[in-house]
Amino acid sequence: MRFAKIIPSLFGILLACILPQRTSSQTPVSGNRIVLAASVLLDGKGHVLRDTHIVIQDSKIVAIDPKAGPVDYDLRGLTVLPGWIDAHAHITWIFGKDGKNAGMGGTSQDDTYKAASNAWLTLMAGFTTIQSPGSPNDIPLRDAIANGILPGPRILTAATPLIGKGEQTGTPDELRAFVRKQKEAGADLIKIFASQSIRQGGGMTLSQEQLNAACDEAKKQGLRTLVHAYKDAVRAATLAGCTEIEHGTMATDDDLKLMAEKGTYLDPQAGLIIENYLLNKDRYIGTLGYPPEGFTAMEKALALNHELVQHAMKTPGLKVVFGTDAVAGAHGRNAEEFIDRVRDGGVDPMSAMVSANSLGAEAMGLADQIGSIAPGLQADIIALDGDPLKDITAVRRVVFVMKGGTVYKNVARTAIPLYAGVQP
Ligand SMILES: [Zn+2]
């Protein structure tokens, strides 16, 4: 009985010693707590909030509360929204010392610095997460950014892609082994090329059976599949249960309908990728994969891509995400694709924003971490000088970038050039 009395009172003393400390460690330390004031806030899911404050503790959003203070960053007069997500950017793709296309395989110091510069430009353009499918060179860059060694967007990568070469690609069992090998190499997803380049006609390079094996094995390994597909390959990849179709040019309305039914994501490119090739024609022409005749095909493909986006937007239930396929010359200009989609693809501006926010996050299986402004999510927040719902070119004027609670950019509104097209 005595013990019973002593123990609770000992507990009382212990608690008395512990509690104040606990309380003080729960009280936000001012350095880790940031309050942003916003007059117009797009929450990433299609809603507009007005005159509120966002409270950030360490790396996460903890509250949306108009009464919270004191305000550390006054973003009133701007449009505040979640950091954008680019589902398809080749972050290590660069121009070489001769100024020409050098692809994404380089490992020299010069190549590495250029890849780091691509990451910086992408982050400064408001993209806080990208998917880079893929090069094994993405992995050390992904890890350096994740470990805080370099500034850049959060990167998900496919390591080495599976390139369809007909029967030569391998038996279904060999393709399954390839998928497992990428997982061991640290891939976050699997990239599959099921069509030739559009410059070569876009024919299928993997059979239905091969696609079934690759996408099924990825699913078994808990990985998503991104399939480069045009024409017939779109339907084949959808039937194989792959996660997302990249490009999708020349897909029929029936193919798009099937994708909507099966919940397959579509990542079409309305303009930037081809505009960038044409803009940098001298730097690409004659390099590997870019023969002169390819450029005529690309000019035609631009119109086909506009058509695809228009048809995709008219397909009920089809989940269209935002991806640019950014290569050398396009890093830091990713947001141009928003303008192309709205201007040429008939996409309404709010859908364009959501495609790079909550829907983009959902397609990556990260909806509970990024893509929206809500308590519990990563504090990936950007601000634009202008309202993209009224003038889509506001996406070029990113004046504030926070990723995981760290502010990387906060510039005077007038300090941003209208066209921030920097090319390393
Ligand atoms: Zn690509």
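How much of the accessible surface of the chain belongs to carbon and sulfur atoms? In this predicted model, the share is 56% of a surface that comes to about 18,300 Å².

Let's step back to the overall build. The chain holds 13 helices and 16 strands, and its C-alpha trace spans about 85 × 60 × 50 Å along the principal axes. The radius of gyration is 24 Å, which agrees with the value near 22 Å that a compact globule of 424 residues would have. Buried residues account for 54% of those 424. As for who touches whom, take the contacts with a separation of 6 or more: 68% of them link residues 24 or more positions apart.

Now zoom in on one piece of the fold. Strand E7 (residues 127-132) and strand E8 (residues 154-157) run parallel and are joined by 4 bridges. Within this pairing, Ile130 sits opposite Ile155 of E8. To get from E7 to E8, the chain passes through helix H3 (residues 138-146), making a right-handed β-α-β crossover.

Next stop, the metal. The zinc ion is coordinated by His88 and His90, each through NE2, and by Asp325 through OD, at 2.1 to 2.2 Å. Are the histidines buried or exposed? His88 has a relative accessible area of 1% and counts as buried, because the cut-off for that label is under 20%. His90, at 4%, is buried too.

Note on methods:
Residues numbered from 1 in each chain as written. Predicted model: local features only at pLDDT ≥ 70, side-chain atom pairs only at ≥ 80, totals over all residues. Heavy atoms only, no water. Pairing = 2+ DSSP bridges. Helix = DSSP H or I, 4+ residues; strand = E, 2+ residues; numbered from the N terminus. Right-handed = clockwise from strand over helix to strand, strands pointing away. Donors = N, O, S within 2.8 Å, 3.2 Å for Na, K, Ca; no water. Buried < 20%, exposed > 50% of the residue type's maximum accessible area, 1.4 Å probe, protein only. Rg over C-alpha atoms; globule rule 2.2 N^0.38 Å. Contact = heavy atoms within 4.5 Å. Areas by Shrake-Rupley, 256 points an atom, 1.4 Å probe, with all protein chains shown as cover.
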